[in-house]
Amino acid sequence: MSDTMEEGVIAVWHKKVGDQVESGELMAEIETDKATMDYESYNDGTVLYLGAEEGDAVKVDGILAIVGEKGEDYKDLLEGGSANGSTEQEEATEAAAEETSEEAIDTSGINAEIVRMPKMSDTMEEGVIAAWHKKVGDKVESGELVAEVETDKATMEYESYHDGTVLYIGAKEGESIKVDGILAVVGEEGADYEALIKADQQGGSAPKADAPAKEEAKESAPAKETAAPAATASNTTNNGRIKASPLAKRLAEEKGIDLGQVSGSGDAGRIVKRDIENFTPAAQPAAQPAAASGSTAAAPAVELPQIVAEESFEEVKVSQMRKTIAKRLAESKFTAPHFYLTMEINMDKAIEARKSMNEVSPVKISFNDMVIKAVAAALRKHPKVNSSWLGDKIRYNNHIHIGVAVAVDEGLLVPVVRFADNKTLSHISAEVKDLGAKAKNKELQPKDWEGNTFTISNLGMFGIEEFTAIVNPPDSCILAVGGIKQTPIVKDGQMVIGNIMKVTMSCDHRVVDGAIGSAFLQTFKQYLEDPIRILV
């Protein structure tokens with residue numbers, strides 16, 4: 001239904017299962033990436049099956065509906081005769097499972113555990129080992145620093161959650177490990193860690209060390225009153241390092257709590273999240289008077305007011321239009337090498353010309369209409385700008401179709417003014433107004449949005465002085481137009497106020513070079529600074 005459509009959303013069904021339908025009869029309304037369009041049946045018969053409910057999407061070439069004789073068995077059509085293939089696939093899967101089970105490695109007797117790369121940020125996909133603080137053969141205790149890991153946001157410390165000997169290290173310094181990849185193996189000295197790793201690679205029964213995220217999740221559970229005995233355990237290691245989880249350290253830092261005063265309720269006296277949340281500096285008041293007597297002139301502590309607020313958000317299903325905008329513009333931005341040319345244009349004469357033309361024009365002519373006409377005329381003089389990149393060849397268009405970006409509620413549409421160089425300003429103005437209204441009402445047809453050879457995006461009416469736009473495929477250039485602003489300029493040696501408009505042209509460097517783009521803008525500038533040239 002459109003050149004960029006990949007799937008359609010069922011806006012409305014006009015037929016339901018069991019209804020009779022004739023060829024040419026309206027069956028559904030389908031929302032594409034550009035408009036909501038009617039779908040008419042190509043067959044006569046009874047609706048036996050509908051492929052989606054209203055609001056659901058169907059891929060292009062997917063099953064929209066099945067029409068046939070009433071009572072006809074349509075299930076074979078849905079299965080596509082894949083029953084035999086699925087049986088063979090199941091047999092192959094079972095055979096593979098049997099083979100795997102026969103070769104499965106028993107790791108129950110291996111006294112060691114795989115330590116996996118934890119997810120240290122919400123966007124982390126892999127971590128780079130910045131530094132190892134332990135090497136193979138070293139003893140390690142719970143809470144002891146093992147490595148520094150560089151994530152996508154910061155370099156963070158990784159502390160051991162287990163006691164034992166480092167048997168294996170999964171990467172050298174400077175190398176990366178995927179989240180949930182093998183960071184190290186810790187266990188009893190001499191344990192068969194190679195069998196453990198091999199079993200893990202085969203999807204076997206290798207024991208896994210609890211990831212920090214899992215332990216922190218456990219810490220967030222309400223603490224029980226029976227945790228008192230653990231609180232008496234020492235929360236420091238033999239080397240004097242305080243044993244605390246990374247989350248507990250961060251919370252303590254945010255709250256200004258000295259970890260040395262906190263009793264840990266985790267394994268071996270390790271300080272965890274609940275210890276920080278439940279900590280009350282009860283032992284400090286007795287020491288404070290002595291400190292106060294020594295410095296009677298101490299400044300009073302500043303208490304910040306408590307802000308009561310709640311984080312909230314709303315998630316909205318991505319529309320077909322927004323999906324297409326995201327896909328096409330991302331492809332353009334990251335595939336086409338963009339460069340940008342900016343020019344200032346004195347619009348004094350254009351303002352006077354527009355005022356005169358609107359006195360006799362049957363429709364009101366806007367500055368955007370003048371920009372479209374000037375672009376079309378400049379393209380006729382510089383045909384290399386009116387081009388498209390086609391991979392192994394470049395297309396130079398002899399016709400001039402100007403795409404005009406129009407903002408709608410769900411995103412952006414680009415209706416096309418065809419053969420713009422042959423149309424008068426009043427014709428262009430009337431056509432742009434009609435296309436804009438159709439775009440906002442979702443009434444555009446494929447012929448209205450296809451075939452552009454150059455695109456204009458104008459944000460001047462929003463008070464934007466200048467901006468850069470992303471090339472709209474298949475065009476090789478797009479012109480970003482800013483607003484007209486009164487600016488001091490030098491004219492005939494005198495400082496005067498001029499009406500200046502800035503434009504920036506984004507170019508695909510595979511097709512258009514800087515000199516070609518600059519020459520085009522010079523001609524475009526001449527046409528607007530002396531509008532009578534457009535009409536000649």
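**Notebook: cavity, patch and salt bridges**

I started with the largest cavity, which holds about 70 Å³ of space. The model I am looking at is predicted, so I kept to its limits: local features need pLDDT of at least 70, side-chain atom pairs count only at pLDDT 80 or more, and totals for chains, interfaces and linings use all residues. Residues are numbered from 1 along each chain as its sequence is written, and side-chain values use heavy atoms, with hydrogens and water left out.

**Entry 1: the cavity**

I looked up how many cavities of 30 Å³ or more there are, and the structure holds 1. For my own reference, a cavity is a set of points on a 1 Å grid over the protein atoms alone where a 1.4 Å probe fits but cannot get out, and lining residues have an atom within 4 Å of a point. The volume is the space filled by probe spheres set on the points, with grid points joined across faces, edges and corners.

Next I listed the lining of the largest cavity: V115, V146, Y158, S160, Y161, H162, L183, A184 and V186. Strand β15 (residues 182-187) gives the largest share of that lining, 3 residues. Strands here are DSSP runs of E with at least two residues, helices are runs of H or I with at least four, and both are numbered from the N terminus.

I then sorted the lining by class and found 7 nonpolar, 2 polar and no charged residues. Nonpolar covers Ala, Val, Leu, Ile, Met, Phe, Trp, Tyr, Cys and Pro; charged covers Asp, Glu, Lys and Arg; the others, Gly among them, count as polar.

**Entry 2: a surface patch**

On the surface I found W389, I394 and Y396 forming a nonpolar patch, with about 260 Å² of accessible area together. Such a patch takes residues with over 30% relative accessible area and no salt bridge, with nonpolar side chains (Val, Leu, Ile, Met, Phe, Trp, Tyr) joined within 5 Å. The areas come from the Shrake-Rupley method with a 1.4 Å probe.

Y396 sits in strand β18 (residues 394-396). Its relative accessible area is 40%, so Y396 is partly exposed. My scale is buried under 20%, exposed over 50%, and partly exposed in between.

**Entry 3: salt bridges**

I looked up the salt bridges and the structure holds 23. Each is a side-chain nitrogen of Lys or Arg within 4 Å of a carboxyl oxygen of Asp or Glu.

What does E7 pair with? E7 forms a salt bridge with K59, the closest N and O atoms being 3.5 Å apart. Because E7 lies in strand β1 (residues 7-13) and K59 in strand β6 (residues 57-59), this pair ties together parts that are 52 residues apart in sequence. E7 is buried at 11% relative accessible area, whereas K59 is exposed at 56%.

E7 also forms a salt bridge with K323, with the closest N and O atoms 2.5 Å apart. K323 belongs to helix α9 (residues 320-335) and E7 to strand β1, so the pair ties together parts that are 316 residues apart in sequence. I noted K323 as partly exposed, at 37%.

Lastly, I checked K525 and E529, whose side chains meet in a salt bridge (3.0 Å, N to O). They are 4 residues apart in helix α14 (residues 514-529), so about one helical turn separates K525 and E529. K525 is partly exposed at 24%, and E529 is partly exposed at 26%. I also logged a network in which salt bridges that share partners join E6, K327 and E331.

Technical notes
1 Å grid on protein atoms, 1.4 Å probe; cavity = no way out; pocket = protein on both sides within 12 Å on 5 of 7 lines; lining within 4 Å. Patch = residues over 30% accessible without salt bridge, like charges linked within 9 Å, V, L, I, M, F, W, Y side chains within 5 Å. Buried < 20%, exposed > 50% of the residue type's maximum accessible area, 1.4 Å probe, protein only.
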